[in-house]
Number of protein chains: 2
Amino acid sequence: MFAPLQNDTFLRACLRQSTPHTPVWLMRQAGRYLPEYKATRAKAGSFMGLATNTDYATEVTLQPLERYPLDAAILFSDILTVPDAMGLGLSFALGEGPRFAHPVRDEAAVTALRVPDMNQLRYVFDAVTSIRRALNGRVPLIGFSGSPWTLACYMVEGAGSDDYRLVKTMLYQRPDLMHAMLAVNADAVAAYLNAQIEAGAQAVMIFDSWGGVLADAAFETFSLAYTRRVLAQLKRSEDGVIIPRLVFTKGGGLWLEAMGQLDCEVLGLDWTVNLAKARALVGENGAHAKALQGNLDPNILFAQAHQIEAETARVLDSFGRPHQDSTASGPTHIFNLGHGISQHTPPEHVAVLVNAVHTHSRKLRGQVN
Amino acid sequence: MFAPLQNDTFLRACLRQSTPHTPVWLMRQAGRYLPEYKATRAKAGSFMGLATNTDYATEVTLQPLERYPLDAAILFSDILTVPDAMGLGLSFALGEGPRFAHPVRDEAAVTALRVPDMNQLRYVFDAVTSIRRALNGRVPLIGFSGSPWTLACYMVEGAGSDDYRLVKTMLYQRPDLMHAMLAVNADAVAAYLNAQIEAGAQAVMIFDSWGGVLADAAFETFSLAYTRRVLAQLKRSEDGVIIPRLVFTKGGGLWLEAMGQLDCEVLGLDWTVNLAKARALVGENGAHAKALQGNLDPNILFAQAHQIEAETARVLDSFGRPHQDSTASGPTHIFNLGHGISQHTPPEHVAVLVNAVHTHSRKLRGQVN
């Protein structure tokens, strides 16, 4: 059905298999920093007009690959498509963040929540298949979803928040309602990711963008437990090929040890985490050892080329030399930013970054070419 | 000059000396959640009108002590008074955060920065003396400042920020300018805190509110090094009495081990940190052992009374039993929130919290009364 994969470095690194260079992709790599993205979005009229149109979603997903030798593509979409399909009424006002017309703030609203009919998200799965075809085997395609907790944050707050007061009030005052919502979210996310896998996604990533706002005692109960519930339901392979699962908790560095026990292949790390320590803690050995993904501060892309190269090398060196035994598994690193790329990033700086990852990571392996 | 201190639990706990209960105070305890604060602010006309008027600043600092048996008072002021005195033109628009008319964004602006004449901050020191007199020995008075890095964030951004793009662009592109600014800030903060000590502050706290946005490799260089530069210049005692120094880095939990080496008495912790782990890491033993302060999620104050009591007990239990040897030093805990109290907090819930800290912490010591 799909063309054979030509660059499997990302998938191999996910599975802790050796690669000739450290694969690199960037969160939000298809986005507003690219003038060609802005042109497509202008044609589409709105963000959701872009995300719901298969041709446009395919076009923008491939744009960064035309510019840079990235090692993976990621579906162009938004984490809030799932609550939108639950009937919350998602919109993106110009220059503002997402907003829900019907936030979930009381018992009646929580009780009414259901796993949405996946047919309402058909546009996403169609985009996945279309993108996979358009990629034609160049690099693998990553599907994604927000985590149950992160979706709950937006569903209760109705928009982004500074203090997460409304969602935390529900959490502390009515933990029963919060658990009920998170259970629905988890089952919806699992169904959503499985449908992406069936449509052609070759890896899936769970973005727990707001896990880091939780208190230490609450993270395990209200975020990690439901990420675990998603992972337990995910397909492990499709057509005989393993589908790696990536989990990224922004601000979750303190809970790395607990995340190291998750049944997934890769942990994403933000820029506050020391990669050498993370590798020693969860990336080195053991039955649950993980591949690590991250973690350059996106603001480094505003510096000059030689500074970007130096900071890129520093991140690669901090992880250290990945294992190089082609017959065994061992520590691997997938290069990424610690968070989404800024819309203000000069596109030519991304070229410097991607080249620096490939060049320096080959040097690190003693394989200068 | 000042009345003798009646409740020394906070100061004793800072110095890792035993106390009959765990002392408690709350960041932003004098603030908008109190109707009497709003009334005073209305009289003052503006935030800076309030902060610069000795009588008003004294009045609002004491307001929470009239309601609750808190174990410390903290100067009512703002962390941005220092850059304001540098000539950056601080203002607070109604319903918005602080803003500087003249942000520091280029080499000329950095080069022009100087440690301000402390006479321009006389209103702060006058407030300290006035509050200390008004306290009349009830509880100790804490003075404070922003950290050099946190001040730099506001000085470059000109206001709060989501992504710290401008200040990080300067950091990565022109580290020389950033170091020059941080050096001036550190010397200004040290002079500012020393003047507060001379005016009557019995402890001083450095708020590194934005330390947690730095990348792992940058935190040590651009935040911690300059906090250290402040600490090295601070007076250790006044009139023969030790002045404890508290350092709080919001989002700094990952760097606790490095902060454990600071030459200060207390480390503040936000709610993402596990107190038991923090105690084991930096609070238990050794030449540099610290008292620990924190770390309830302020949003817990939106739950019901029995839930607030349970979560308060959980935080106290997480730290565990403080040492009880009146002849030696050992692990101590100062109860606080993990961040400033929300303006939406019901005032009666704060009474529940303070009572729960005192009651449960006595139980924890086996001294039910």
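In which sense do S1(A) and strand S4 (residues 141-146) of chain A pair, and over how many bridges? They pair in the parallel sense, over two bridges. Here two strands pair if DSSP finds at least two bridges between them. Strands (E, at least two residues) and helices (H or I, at least four) are DSSP runs, numbered from the N terminus.

Before we go on, a word about what you are looking at. This is a predicted model, in which local features need pLDDT of at least 70 and side-chain atom pairs count only at pLDDT 80 or more, while totals for chains, interfaces and linings use all residues. Residues are numbered from 1 along each chain as its sequence is written, and chains are lettered from A and ligands numbered from 1 in the order in which they are written.

Let us begin with chain A as a whole. Its secondary structure comes to 15 helices and 11 strands. The radius of gyration of chain A, taken over C-alpha atoms, is 20 Å, close to the 21 Å that the globule rule gives for 369 residues, so chain A is as compact as a globular protein of that length. That rule is 2.2 Å times the number of residues to the power 0.38. The C-alpha trace of chain A spans about 60 × 45 × 45 Å along its principal axes. Of the 369 residues in chain A, 54% are buried. A residue is buried if 20 or more other C-beta atoms, placed from the backbone, lie within 10 Å of its own.

Now back to the strands. Seven of them form an open sheet in chain A, in the order S1-S4-S5-S8-S9-S10-S11, with parallel pairing. Strand S1 (73-74) and strand S11 (333-337) of chain A stand at the edges with a single partner strand each, so one side of each has no neighbour in the sheet.

Helix H8 (residues 148-157) and helix H9 (residues 165-173) of chain A have axes 8 Å apart and an angle of about 110°. Axes are lines fitted to C-alpha atoms, for helices over the stretch in contact, and angles run from 0 to 180 degrees between N-to-C directions. H8(A) and H9(A) are therefore roughly perpendicular to each other, a label for angles of 65 to 115 degrees. From H8(A), the contact uses Ala152(A), Cys153(A), Val156(A) and Glu157(A), and from H9(A), Leu166(A), Val167(A) and Met170(A). Two residues are in contact if their C-beta atoms, placed from the backbone, lie within 7 Å.

Finally, step across to chain B and find strand S4 (residues 141-146). All six of its six residues are buried. Leu141(B), Gly143(B) and Ser145(B) lie on one side, and Ile142(B), Phe144(B) and Gly146(B) on the other. S4(B) is joined to strand S1 (residues 73-74) of chain B by two bridges, and the two run parallel. Five bridges join S4(B) to strand S5 (residues 203-208) of chain B, again running parallel. Within these pairs, Ala73(B) stands opposite Leu141(B), and Gly143(B) stands opposite Val204(B).

Key. Parallel < 35°, antiparallel > 145°, perpendicular 65-115°, else oblique. Buried ≥ 20, exposed ≤ 12 C-beta atoms within 10 Å, placed from the backbone.
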